[in-house]
Amino acid sequence: MAGSIKDRVAILGMGCTRFGERWDASAADLIVEAAYQAFEDAGIGPDEIQAAWVGTSTGNTGMTISEPLRLQYIPVTRVENACATASDAFRNACYAVAAGIYDIVLVVGVDKFKDAGISGLGDGGTPGPSHSMIPETTPPRSFAMLATTYFAKYGLTFEEGKHMIGRVSWKSHQNGMRNKNAHFQGNVTMEQILNAPMVSWPLGLFDCCGVSDGAAAAIVTTPEIALARKKDPVFVKALQIAMAPRDGNFNQQYDFLHVEATVRAAEKAYQEAGIKNPREEISMAEVHDCFSITEAVTMEDLRFSPRGKVRDDIESGFFDLDGKLPVQTDGGLKCFGHPIGASGLRMIYEVYLQLQGRADELLNPGFPSRQLPNPKLGLTHNLGGAPDGCAIFVGIFGLKGV
Amino acid sequence: MAGIVSYGAYIPYYRLPRSVIGQMWGQPGGKGEKAVAGSDEDAVTMAVAAGLDCLKGLDPKTVDGVFLATTCAPYKERQCANIVANALDVPRSARNADFANCLRAGTTAVLSALDAVKAGSLGQVLVAAADTRLSGAAGGDELTFGDGGAAVLLGKDKVAVEIEASYTFSDDLCDYWRDADDKFVRHWEDRFGREEGYLKIPVEAVKALFQKTGLTPADISKVCLYGQNTRVHATLAKKMGFKPEQVQNPLLDQVGDTGAALPLMILVGALEEAKPGDRILLVSYGNGSDAVLLRVTEEIKNITGRRGIKKHLEIKKTLNSYGRYLRWREMVALAPPARPPAGAASMSAQWREHETAIPLYGVKCRKCGTPQLFLSQSSTRAHICLQCRAKDDFEPYRFADKLGTVRSFSHDYLAGGIDPPTTAAVIDFDGGGRGQFLMVDRDPEECQVGMRVEMTFRKLRHTLGAHTYFWKCKPVRD
């Protein structure tokens with residue numbers, strides 16, 4: 001690798017709206033809410049922004065944000081990379097700062113789905129002209145394939161397999177409950193999870209994340225500016241994207257037990273950040289739990305759990321809020337919600353809050369603290385696409401000197 | 001002498017007991033059952049299925065023409081025989097034709113193909129007949145109409161069944177009809193059709209054929225007679241002078257009246273049992289009658305491995321829900337789907353890729369030998385090998401005729417569709433290559449990793465008046 005992003009940029013401020021069925025808010029409303037939270041957090045005004053990136057799967061052009069924010073003729077780039085959209089917008093913004101072209105830039109991720117009149121995401125197909133000769137698929141169907149194969153390969157009975165993935169969702173609901181900005185804040189029991197209707201066998205309702213409205217924003221700057229203006233800015237340690245050749249449905253060598261692009265992106269990110277043993281060195285992670293089985297398999301792909309052994313870690317509470325490596329401390333996609341173009345920034349936002357010791361700013365009144373004790377390094381992971389082929393983002397963030 | 005070189009048939013997996021229809025309407029349904037095409041099957045797909053059975057072990061590139069016989073063509077304007085020929089991988093130089101609008105279309109197509117072969121203008125012609133006639137709910141025809149198809153390959157070499165003579169009697173007696181806009185078959189008073197039509201016209205055709213050939217009913221091993229119901233069918237056979245043991249099972253209580261396909265389906269049933277030297281009489285009916293005299297040769301012993309009628313009768317699943325039948329036939333107004341509508345089929349894209357998608361060709365890399373499909377939303381043509389990344393160095397490789405093993409699957413309740421859940425499976429083909437396909441004719445409970453599947457040509461969707469066909473997979477059941 002020619003260069004590394006490690007410690008070359010820092011986050012000056014962030015903002016994130018409540019995710020959910022925001023019948024009350026348009027995309028523009030959400031953008032303004034998230035961006036102005038970030039401005040306030042960074043202690044700057046919009047006129048200090050020199051360039052901006054917007055991640056959205058539904059909007060078009062940079063005017064998606066320049067119009068509601070009335071940005072004045074600065075460069076704005078629209079990025080789309082499925083569920084890795086916001087993370088990739090963030091990555092491009094970081095590179096522009098690291099290149100020395102800009103000092104202070106804005107990244108906004110946004111999507112507004114709940115005006116579409118349907119549940120879920122439609123056919124999830126690649127946008128653009130289509131010959132319509134192959135069947136549409138749905139995201140749950142694509143990811144259910146992982147579960148079918150995982151259960152068969154490791155000899156799990158249907159009940160054992162369902163319990164394993166159900167426990168993933170249960171943990172996220174336990175975390176989501178404590179978060180006042182989460183889409184789903186209910187206390188969901190294992191019994192409810194296991195008895196929920198099938199969406200795409202073997203995935204039931206609680207194995208699937210919802211589709212939400214929401215926006216998140218970050219202000220990225222140089223280490224010098226960050227250190228001058230903030231006492232504990234969060235530094236970027238690694239940013240990696242791996243794009244699959246999308247051959248899993250056509251190549252007999254793909255096993256439907258892992259996501260190769262996650263493995264590739266993670267290895268590069270660990271290298272970039274200087275991490276040898278992620279299970280020991282990473283303090284927390286926000287991963288792409290679009291479906292419970294996705295999170296389970298991702299734990300193995302990120303080397304948090306040995307191959308084929310994630311069930312032991314899930315069932316023992318290794319990834320719980322009070323576990324050794326807490327995952328989805330804000331509830332994840334499962335509970336915090338999933339407005340595609342905003343999700344990657346939402347993950348970074350949670351890591352950012354936890355690293356600064358500010359997680360309880362989002363605490364639901366009456367609940368015990370959701371702040372992790374002294375986290376050092378946080379990892380975020382997005383999967384845009386399906387197991388057979390996807391865009392993967394892995395980012396690592398930490399405090400100065402870590 | 002020219003004649004039949006190969007045969008095949010298709011009967012859809014699902015059978016609706018007449019008692020289930022009777023229960024729905026509080027009437028006696030009668031005995032037996034009828035074959036019901038799946039929600040994604042039509043005359044084109046069933047003709048392809050019968051054609052695949054007929055061409056098993058034969059090279060489709062040696063077929064010079066495909067004649068499709070049906071009264072239920074999915075298009076009024078667009079040659080459906082072309083779609084069948086394309087799916088069967090018959091070359092573009094073939095002379096294809098649709099024989100339509102008449103219950104006699106199957107035998108008329110056979111006689112026309114025979115003339116072309118005899119004249120030497122075409123070497124081998126595949127005649128595929130299939131029908132999915134529809135009666136309005138609670139009508140008598142709803143009990144009798146069934147779905148199915150048959151195919152015969154006509155040629156001059158290795159003839160298994162010589163066609164010795166034929167006689168056609170045309171009569172514009174109109175007992176059954178549909179006008180250009182009718183979804184359901186109409187009929188005149190049944191006594192008129194029976195007494196003046198069905199029980200008279202075929203008798204005259206057969207009488208004329210016997211006169212022409214000097215034969216008598218005693219010379220016939222099996223008579224394959226079109227029929228509408230078992231009782232009247234037996235009456236006609238008797239009136240022609242045949243003993244019950246000479247009459248080939250007309251399939252009416254197992255499959256139903258499959259319209260233009262039925263005479264050929266009964267014929268295939270007879271050929272499965274036939275011995276060299278047997279004389280078979282094939283008789284169709286509909287605005288006249290075709291009587292065709294056939295003689296079985298030694299070559300009949302070499303036609304093996306077909307599912308034909310016999311095996312297809314065994315491969316079945318009872319459909320105990322009249323509601324599902326109504327839904328499949330789009331005879332009931334459904335609640336609107338909770339999903340966005342499917343994208344419209346692109347005619348230009350379909351044409352561009354008709355050599356890959358419709359006959360289900362992938363490629364085999366000349367460098368590393370890996371067979372592979374390329375099925376993306378925007379293209380079905382591979383350029384870069386997924387294994388060794390050689391560029392555009394492939395030979396064509398057909399997947400439609402390969403069996404496969406399920407690697408993973410899911411039953412999708414979210415996607416909805418006309419027959420939920422939608423089952424999708426990733427299958428690894430024998431000999432290499434993988435694809436993800438929808439799975440049909442399956443019970444969700446039977447699906448598992450490692451199960452064996454075969455390919456089947458089905459309707460994918462119907463948008464803006466255009467039918468999109470593609471391959472799906474189904475469990476191997478023999």
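Of the 478 residues in chain B, 51% come out as buried, a label that takes 20 or more other C-beta atoms within 10 Å of a residue's own, with 12 or fewer making it exposed, anything in between partly exposed, and the C-beta atoms placed from the backbone. This is a predicted model, so local features need pLDDT of at least 70 and side-chain atom pairs count only at pLDDT 80 or more, while totals for chains, interfaces and linings use all residues. Residues are numbered from 1 along each chain as its sequence is written, with chains lettered from A and ligands numbered from 1 in the order in which they are written.

Chain B holds twelve helices and 22 strands; helices (H or I, at least four residues) and strands (E, at least two) are DSSP runs, numbered from the N terminus. The radius of gyration of chain B is 22 Å, close to the 23 Å that the globule rule gives for 478 residues, so chain B is as compact as a globular protein of that length. Here the radius is taken over C-alpha atoms, and the rule is 2.2 Å times the number of residues to the power 0.38. Along the principal axes, the C-alpha atoms of chain B fill a box of roughly 70 × 55 × 40 Å. Take the contacts in chain B between residues at least 6 apart in sequence: 72% of them join residues at least 24 apart, a contact being two C-beta atoms, placed from the backbone, within 7 Å.

The largest nonpolar core has 275 residues, and Val84(B) and Val127(B) touch the most other members. Such a core is a set of buried Ala, Val, Leu, Ile, Met, Phe, Trp, Tyr and Cys residues joined through C-beta atoms within 7 Å. Helix 13 of chain A (residues 340-355) is the top contributor to this core, with ten residues. Leaving out residues up to four places away in sequence, Val127(B) touches Phe67(B), Ala69(B), Ala109(B), Val110(B), Ala113(B), Ala151(B), Val152(B) and Leu154(B).

Where the two chains meet, 35 residues of chain A and 43 residues of chain B take part. On the chain A side, helix 4 (139-153) and strand 5 (198-201) are the elements that give two or more residues, and helix 4 of chain A supplies the largest share, seven residues. That side splits into 15 nonpolar, 17 polar and three charged residues; Ala, Val, Leu, Ile, Met, Phe, Trp, Tyr, Cys and Pro count as nonpolar, Asp, Glu, Lys and Arg as charged, and the others, Gly among them, as polar. Strand 5 of chain A also pairs with strand 18 of chain B (residues 404-412), antiparallel and over two bridges, where pairing requires at least two DSSP bridges. Trp201(A) has His411(B), in strand 18 of chain B, as its bridge partner.

Asn249(A) sits in the loop between strand 8 (234-243) and helix 8 (260-273) of chain A. It counts as buried because it has 27 C-beta neighbours inside 10 Å. Apart from residues up to four places away in sequence, Asn249(A) touches Asp388(A), Val426(B), Arg434(B), Gly435(B) and Gln436(B).
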